[in-house]
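Welcome, and thanks for taking a look at this one.

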Amino acid sequence: MNIHEIINRIYPMPATSVDKLKKHLSEITYPKNHHILETGKIETNIFFIKKGIARAYIPTDGKEVTFWIGKEGDTIVSLKSYVNNRPGYETVELMEDSVLYLLKRYTLYQLFKEDIHIANWGRKFAESEFLQTEEKLISLLFTNASERYTSLLENNPDLLQRIPLEHLASYLGITPVSLSRIRAKLKQTPNNK
(Lines give C-alpha, C1' and ligand atoms only; values in the text may rest on other atoms or scores of the structure.)
Protein backbone atom coordinates (compact mmCIF):
# COMPACT_ATOMS: atom_id res chain seq x y z
CA MET A 1 0.00 0.00 0.00
CA ASN A 2 1.50 3.33 -0.95
CA ILE A 3 1.97 6.12 1.56
CA HIS A 4 -0.62 8.38 -0.06
CA GLU A 5 -3.29 5.70 0.55
CA ILE A 6 -2.10 5.16 4.12
CA ILE A 7 -2.15 8.87 4.94
CA ASN A 8 -5.59 9.44 3.48
CA ARG A 9 -6.98 6.30 5.11
CA ILE A 10 -6.22 7.91 8.47
CA TYR A 11 -7.63 11.30 7.48
CA PRO A 12 -7.89 12.89 4.01
CA MET A 13 -5.86 16.06 3.64
CA PRO A 14 -5.23 18.57 0.85
CA ALA A 15 -2.55 17.45 -1.60
CA THR A 16 -0.13 20.16 -0.42
CA SER A 17 -0.29 18.83 3.16
CA VAL A 18 0.09 15.23 2.00
CA ASP A 19 3.13 16.20 -0.05
CA LYS A 20 4.63 18.08 2.92
CA LEU A 21 4.20 15.01 5.14
CA LYS A 22 5.48 12.61 2.48
CA LYS A 23 8.72 14.62 2.11
CA HIS A 24 9.64 13.64 5.66
CA LEU A 25 9.03 9.92 5.32
CA SER A 26 11.76 7.45 4.51
CA GLU A 27 11.22 3.96 3.15
CA ILE A 28 13.06 1.14 4.94
CA THR A 29 13.21 -2.62 4.43
CA TYR A 30 13.61 -5.22 7.17
CA PRO A 31 13.73 -9.03 7.08
CA LYS A 32 11.26 -11.40 8.66
CA ASN A 33 11.71 -11.74 12.46
CA HIS A 34 13.22 -8.24 12.82
CA HIS A 35 12.06 -6.39 15.94
CA ILE A 36 10.89 -2.86 15.20
CA LEU A 37 10.10 -2.20 18.86
CA GLU A 38 11.48 -4.01 21.89
CA THR A 39 10.10 -4.34 25.39
CA GLY A 40 11.82 -1.93 27.78
CA LYS A 41 13.24 0.34 25.06
CA ILE A 42 12.18 3.79 23.91
CA GLU A 43 11.11 4.07 20.27
CA THR A 44 9.43 7.37 19.45
CA ASN A 45 9.29 6.96 15.68
CA ILE A 46 6.16 5.95 13.81
CA PHE A 47 6.21 3.25 11.14
CA PHE A 48 3.60 2.66 8.44
CA ILE A 49 3.45 -0.78 6.82
CA LYS A 50 3.78 -0.57 3.04
CA LYS A 51 4.29 -4.32 2.60
CA GLY A 52 4.37 -7.06 5.19
CA ILE A 53 2.82 -8.05 8.47
CA ALA A 54 3.77 -7.56 12.12
CA ARG A 55 2.63 -8.63 15.55
CA ALA A 56 2.97 -6.91 18.91
CA TYR A 57 3.44 -9.06 21.97
CA ILE A 58 4.31 -8.83 25.61
CA PRO A 59 6.62 -11.47 27.07
CA THR A 60 5.11 -12.82 30.27
CA ASP A 61 5.73 -15.99 32.31
CA GLY A 62 7.98 -17.43 29.59
CA LYS A 63 5.30 -16.92 26.91
CA GLU A 64 4.63 -14.28 24.31
CA VAL A 65 1.11 -12.85 24.49
CA THR A 66 0.18 -11.37 21.11
CA PHE A 67 -2.22 -8.45 21.44
CA TRP A 68 -1.97 -6.74 18.03
CA ILE A 69 -1.50 -7.81 14.43
CA GLY A 70 -0.93 -5.27 11.67
CA LYS A 71 -0.57 -5.53 7.92
CA GLU A 72 -0.38 -3.28 4.87
CA GLY A 73 -1.72 0.17 5.70
CA ASP A 74 -1.42 -0.23 9.47
CA THR A 75 0.77 1.77 11.82
CA ILE A 76 3.44 0.56 14.21
CA VAL A 77 3.94 2.84 17.19
CA SER A 78 4.75 2.47 20.85
CA LEU A 79 2.25 4.91 22.29
CA LYS A 80 3.99 4.90 25.67
CA SER A 81 7.27 5.94 24.02
CA TYR A 82 5.64 8.33 21.56
CA VAL A 83 3.52 10.14 24.14
CA ASN A 84 5.63 9.92 27.32
CA ASN A 85 9.13 9.24 25.99
CA ARG A 86 9.24 6.18 28.25
CA PRO A 87 10.23 2.57 27.53
CA GLY A 88 7.48 0.61 25.80
CA TYR A 89 6.00 -2.57 27.16
CA GLU A 90 5.66 -4.30 23.79
CA THR A 91 7.87 -6.00 21.25
CA VAL A 92 6.84 -5.69 17.61
CA GLU A 93 8.16 -8.44 15.36
CA LEU A 94 7.90 -8.56 11.59
CA MET A 95 6.30 -11.82 10.47
CA GLU A 96 7.35 -11.38 6.82
CA ASP A 97 10.06 -9.51 4.95
CA SER A 98 8.62 -6.00 5.15
CA VAL A 99 8.81 -2.52 3.69
CA LEU A 100 7.94 0.31 6.07
CA TYR A 101 7.70 4.06 5.95
CA LEU A 102 9.44 5.81 8.87
CA LEU A 103 8.32 9.14 10.32
CA LYS A 104 10.29 10.74 13.13
CA ARG A 105 8.29 12.11 16.06
CA TYR A 106 10.28 15.33 16.20
CA THR A 107 9.55 16.03 12.53
CA LEU A 108 5.87 15.26 12.98
CA TYR A 109 5.65 17.66 15.94
CA GLN A 110 7.18 20.41 13.78
CA LEU A 111 4.66 19.68 11.02
CA PHE A 112 1.81 19.89 13.55
CA LYS A 113 2.90 23.49 14.28
CA GLU A 114 3.20 24.43 10.62
CA ASP A 115 0.11 22.86 9.04
CA ILE A 116 -3.36 22.66 10.60
CA HIS A 117 -4.32 19.82 8.24
CA ILE A 118 -1.40 17.70 9.43
CA ALA A 119 -2.27 18.57 13.04
CA ASN A 120 -5.85 17.39 12.41
CA TRP A 121 -4.47 14.28 10.72
CA GLY A 122 -2.44 13.58 13.87
CA ARG A 123 -5.53 14.03 16.04
CA LYS A 124 -7.51 11.63 13.84
CA PHE A 125 -4.62 9.16 14.01
CA ALA A 126 -4.70 9.26 17.83
CA GLU A 127 -8.49 8.86 17.86
CA SER A 128 -8.24 5.90 15.50
CA GLU A 129 -5.63 4.18 17.69
CA PHE A 130 -7.82 4.74 20.75
CA LEU A 131 -10.88 3.34 18.98
CA GLN A 132 -9.01 0.22 17.83
CA THR A 133 -7.83 -0.42 21.39
CA GLU A 134 -11.35 -0.02 22.73
CA GLU A 135 -12.81 -2.38 20.09
CA LYS A 136 -10.21 -5.03 20.90
CA LEU A 137 -10.90 -4.75 24.63
CA ILE A 138 -14.68 -4.99 24.14
CA SER A 139 -14.22 -7.99 21.86
CA LEU A 140 -12.13 -9.80 24.48
CA LEU A 141 -14.57 -8.98 27.28
CA PHE A 142 -17.92 -9.52 25.59
CA THR A 143 -17.50 -12.15 22.87
CA ASN A 144 -16.53 -15.78 23.14
CA ALA A 145 -13.53 -17.33 21.41
CA SER A 146 -15.62 -18.77 18.57
CA GLU A 147 -17.14 -15.34 17.85
CA ARG A 148 -13.71 -13.70 17.87
CA TYR A 149 -12.38 -16.32 15.43
CA THR A 150 -15.40 -15.90 13.15
CA SER A 151 -14.88 -12.14 13.16
CA LEU A 152 -11.22 -12.66 12.25
CA LEU A 153 -12.27 -14.90 9.35
CA GLU A 154 -14.75 -12.31 8.09
CA ASN A 155 -12.51 -9.27 8.44
CA ASN A 156 -8.96 -10.62 7.90
CA PRO A 157 -9.05 -14.11 6.34
CA ASP A 158 -5.54 -13.66 4.92
CA LEU A 159 -4.09 -13.75 8.44
CA LEU A 160 -4.62 -17.52 8.54
CA GLN A 161 -2.03 -17.93 5.78
CA ARG A 162 0.33 -15.23 7.01
CA ILE A 163 0.56 -15.74 10.79
CA PRO A 164 1.44 -18.95 12.66
CA LEU A 165 -1.59 -20.39 14.45
CA GLU A 166 -0.01 -20.11 17.91
CA HIS A 167 0.23 -16.33 17.44
CA LEU A 168 -3.35 -16.12 16.15
CA ALA A 169 -4.55 -18.14 19.15
CA SER A 170 -2.74 -15.77 21.52
CA TYR A 171 -4.21 -12.76 19.69
CA LEU A 172 -7.70 -14.26 20.13
CA GLY A 173 -7.03 -14.87 23.81
CA ILE A 174 -7.14 -18.66 23.60
CA THR A 175 -4.77 -21.63 23.49
CA PRO A 176 -3.68 -23.24 20.20
CA VAL A 177 -5.64 -26.37 21.20
CA SER A 178 -8.83 -24.32 21.66
CA LEU A 179 -8.26 -22.66 18.29
CA SER A 180 -7.89 -26.07 16.63
CA ARG A 181 -11.17 -27.21 18.21
CA ILE A 182 -13.00 -24.07 17.07
CA ARG A 183 -11.68 -24.46 13.53
CA ALA A 184 -12.67 -28.14 13.42
CA LYS A 185 -16.14 -27.38 14.74
CA LEU A 186 -16.68 -24.59 12.20
CA LYS A 187 -15.58 -26.88 9.34
CA GLN A 188 -18.30 -29.35 10.39
CA THR A 189 -20.99 -26.65 10.32
CA PRO A 190 -22.96 -26.91 7.01
CA ASN A 191 -22.91 -23.13 6.33
CA ASN A 192 -19.10 -22.95 6.40
CA LYS A 193 -16.77 -23.73 3.54
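This is a predicted model: local features need pLDDT of at least 70, side-chain atom pairs count only at pLDDT 80 or more; totals for chains, interfaces and linings use all residues.

**Aromatic pairs**

Let us start with the rings. Searching the whole structure gives 5 aromatic pairs. One of them joins F48 and W121, whose ring centres are 6.2 Å apart with planes at 50°, so this pair is tilted. F48 belongs to strand 3 (residues 46-51) and W121 to helix 5 (residues 116-142), so the pair ties together parts that lie 73 residues apart in sequence. F48 and W121 are both buried. Another tilted pair is made by Y109 and F112, because their planes meet at 35° with the centres 6.2 Å apart. This time both partners sit in helix 4 (residues 105-114), 3 residues apart, which is about one turn of the helix. Y109 is partly exposed, with a relative accessible area of 34%, and F112 is partly exposed too, at 24%.

F48, W121 and F125 form one aromatic cluster. Elsewhere, K136 lies over the face of Y171, 3.6 Å from the ring centre.

**The nonpolar cores**

In soluble globular proteins, nonpolar side chains tend to be buried together. Which residues touch the most other members of the largest nonpolar core? Among its 19 residues, they are I7, L21, F48, L108 and W121. At least two residues of this core come from each of helix 1 (3-10), helix 2 (15-22), strand 3, strand 8 (98-103), helix 4 and helix 5. Helix 1 gives the largest share, 4 residues. For I7, setting aside neighbours within four places in sequence, the contacts are M13, V18, L21, K22, L25 and W121. Another core, of 17 residues, lies apart from the largest one and includes A145, Y149, L159 and L160.

In helix 6 (residues 145-155), A145, R148, Y149 and L152 are buried. Looking down the axis of helix 6, the buried residues fall within an arc of 100°, so they line one face of the helix. On the other side of helix 6, E154 and N155 are exposed. The cover over the buried residues of helix 6 includes helix 5, helix 7 (159-162), helix 8 (165-172) and helix 9 (176-188). The N-terminal end of helix 6 is capped by N144, with a side-chain oxygen 3.0 Å from the backbone nitrogen of S146.

In helix 4, the buried residues are R105, T107, L108 and L111. Viewed down the axis of helix 4, they fall within an arc of 155°, so they too line one face of the helix. Turned away from that buried side are the exposed residues Y106, K113 and E114. The buried residues of helix 4 are covered by parts that include helix 2, strand 3, helix 3 (79-84), strand 8 and helix 5.

Where does T107 stand, buried or exposed? With a relative accessibility of 19%, T107 counts as buried, since the cut-off for buried is under 20%. T107 and N45 are 62 residues apart in sequence, while their C-alpha atoms are 9.6 Å apart in space.

**Positive phi in two loops**

Most residues other than glycine have a negative phi. With that in mind, have a look at D61 and N85. Phi of D61 is near 50°, a positive value in a residue other than glycine. D61 is placed in the loop between strand 4 (53-60) and strand 5 (63-71). N85 also has a positive phi, of about 55°, although it is not a glycine. The loop holding N85 runs between helix 3 and strand 7 (91-94).

| Residue | Relative accessible area | Class |
|---|---|---|
| D61 | 77% | exposed |
| N85 | 41% | partly exposed |
| Y109 | 34% | partly exposed |
| F112 | 24% | partly exposed |
| T107 | 19% | buried |

Key: Residues are numbered from 1 along each chain as its sequence is written. Side-chain values use heavy atoms; hydrogens and water are left out. Rings of Phe, Tyr and Trp (its six-membered ring) pair if their centres lie within 6.5 Å; planes under 30 degrees apart count as stacked, over 60 as edge-to-face and the rest as tilted. Buried means under 20% relative accessible area, exposed over 50%, partly exposed in between (1.4 Å probe, protein chains only). A charge sits over a ring if NZ of Lys or CZ of Arg is within 6 Å of the ring centre and within 35 degrees of the ring normal. A nonpolar core is a set of buried Ala, Val, Leu, Ile, Met, Phe, Trp, Tyr and Cys residues joined through side-chain atoms within 4.5 Å. Contact means heavy atoms within 4.5 Å. The arc is that of the directions from the helix axis to the C-beta atoms. A polar contact is a pair of N or O atoms within 3.5 Å; within protein, one must be able to donate a hydrogen and the other to accept it, and residues adjacent in sequence count only if both atoms are side-chain atoms.
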